[in-house]
Amino acid sequence: MLVTMLLSMALLCEEATAAAYVRPPARPNLMLFAGGKKSIQPDQVHVSLAGPNRMRVSWMTSSMTAPSTVHYGTTSQQYTAIASGVKKSYSYFLYKSGQMHHVVVGPLLDNTTYYYMCGGSGHEFKFTTPPPAGPDVPIKFAVVGDLGQTGWTKSTLEHIENSNYNVLLFAGDLSYADYYQPLWDSFGKLVTPYASAKPWMVTQGNHDIEGIPYIVDPFRAYNTRWQMPYSESGSDSNQFYSFETAGVHVLMLASYADFDEDSSQYKWLQADLARVDRSRTPWLIAVLHAPWYNSNAAHQLNGDRMMAAMESLLYEARVDLVFAGHVHAYERMTRVYLMKRDPCGIIHITIGDGGNREGLAHSFLDEQPEWSMYREASFGHGELDMVNATHARWTWHRNDDDEAVVADDIWITSLSAPESQCSVSSSTKRGVSNRRVLRPLGT
């Protein structure tokens, strides 16, 4: 009874942060996976980038004795290298997780397929490394948010699989376990065919918090299962980090960690942006969960405090795009800063339409703001094709039965390009203040 009351209180606190948006009826999850006997066989396999020419392989075993080793090589069944790592587990009331293994492999060749075996036995997996570093090297990102595990999710994943992407960017709200921990196991199994083959880079959302004051620390399951390269990027938290691939520097920011000027996230972001070399990584992208610009009735104001603290930092650094989730619909903004169109501002894109069980956010504000270019309440995913150092193509693919329909399609010029007239050096001369007034609800 106590556990039920605490979980109910936590859920009520979460809902109180949302505006007066009434959700449609929830949809059932796609499936649950029953537990079995103890086994050293790998389960819930996924890979992520772990620094230059390195990949982190993560998987779960139900046995405590399974080794944290990865055998790998460029030919199937012929493993020329072996790497060792760590394993960890966690408890959540009556739930006890299996052993989550994390092993960094490398150095690896660029744009190469590697075959690997987790723990030295069982099924053979394979992943493909991203293209080499370089300012003019093409790379393709798949972008998704609020995925969950429903029939909609399955359609989204199948469409993403066909996109021939190199790296997936995930804007938070992964499993929608919402305190029921077996759903994390279910989600891990669901995404294994996709996340074991291409690097998935994730940040957390509100449904990933699962904290209960004084009893359960937040992000317990998320941090155990989805370890990202935070230490490799100088961060002290798995909630925020950065990475580079091809000619792109990506910031993965935390909507649910402290972000004011005295916070570790803010100080880390300042230091990380100071290290960005736009001649080497001409594209600068950020991913977070709660959108800063939003004309949907759902989750109004949820990202405003973070925007007030950090928008000027990203603007002065000439960040090209910010991807967000949280709102279960698609919306693309033009370049914007301080709630106004700005040719040197950031293109914000809400992509929280991956397929979660809560359904779509159908209600947009009646008056579409001048900075909102396209908005639609449909499930789908995005593809960001970095063609070269100056130009990229963004497409949003609506899930329409069994086909992914391209519904939004634009070309983007990087703010670091000579023709943009928005050089990084000139941005600090504008006298930008970190302070801004929060907008009233519905405006």
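**Close-up views of a predicted model**

Tyr214 is exposed, with a relative accessible area of 89%. Here exposed means over 50% relative accessible area, buried means under 20%, and partly exposed lies in between (1.4 Å probe, protein chains only). This is a predicted model: local features need pLDDT of at least 70, side-chain atom pairs count only at pLDDT 80 or more, and totals for chains, interfaces and linings use all residues. Residues are numbered from 1 along each chain as its sequence is written, and side-chain values use heavy atoms, with hydrogens and water left out.

**View 1. Tyr214 belongs to a nonpolar surface patch.**
Patch residues have over 30% relative accessible area and no salt bridge; nonpolar side chains (Val, Leu, Ile, Met, Phe, Trp, Tyr) are joined within 5 Å, like charges within 9 Å. Tyr214 sits in the loop between strand E13 (200–202) and helix H4 (220–225). Helices (H or I, at least four residues) and strands (E, at least two) are DSSP runs, numbered from the N terminus.

**View 2. Asp217 forms a salt bridge with Arg220.**
A salt bridge is a side-chain nitrogen of Lys or Arg within 4 Å of a carboxyl oxygen of Asp or Glu. In this pair, the closest N and O atoms are 2.4 Å apart. Asp217 counts as partly exposed, at 39% relative accessibility. Arg220 is partly exposed too, at 23%. The structure holds 14 salt bridges.

**View 3. Arg278 forms a salt bridge with Asp320.**
The closest N and O atoms are 3.1 Å apart. This pair links distant parts of the chain, 42 residues apart. Arg278 lies in the loop between helix H5 (264–275) and strand E16 (283–287). Asp320 lies in the loop between helix H6 (304–316) and strand E17 (321–324). Is Arg278 buried or exposed? Arg278 is buried, with a relative accessible area of 13%. Asp320 is buried as well, at 0%.

**View 4. Asp320 also forms a salt bridge with Arg335.**
Here the closest N and O atoms are 3.9 Å apart. Asp320 is in the loop between H6 and E17 and Arg335 is in strand E18 (residues 330–337), so the pair ties together parts 15 residues apart in sequence. Arg335 is buried, at 12%. Arg278, Asp320 and Arg335 are linked in a network of salt bridges.

Notes. Accessible areas come from the Shrake-Rupley method with a 1.4 Å probe; for residues, only the protein chains shown count as cover.
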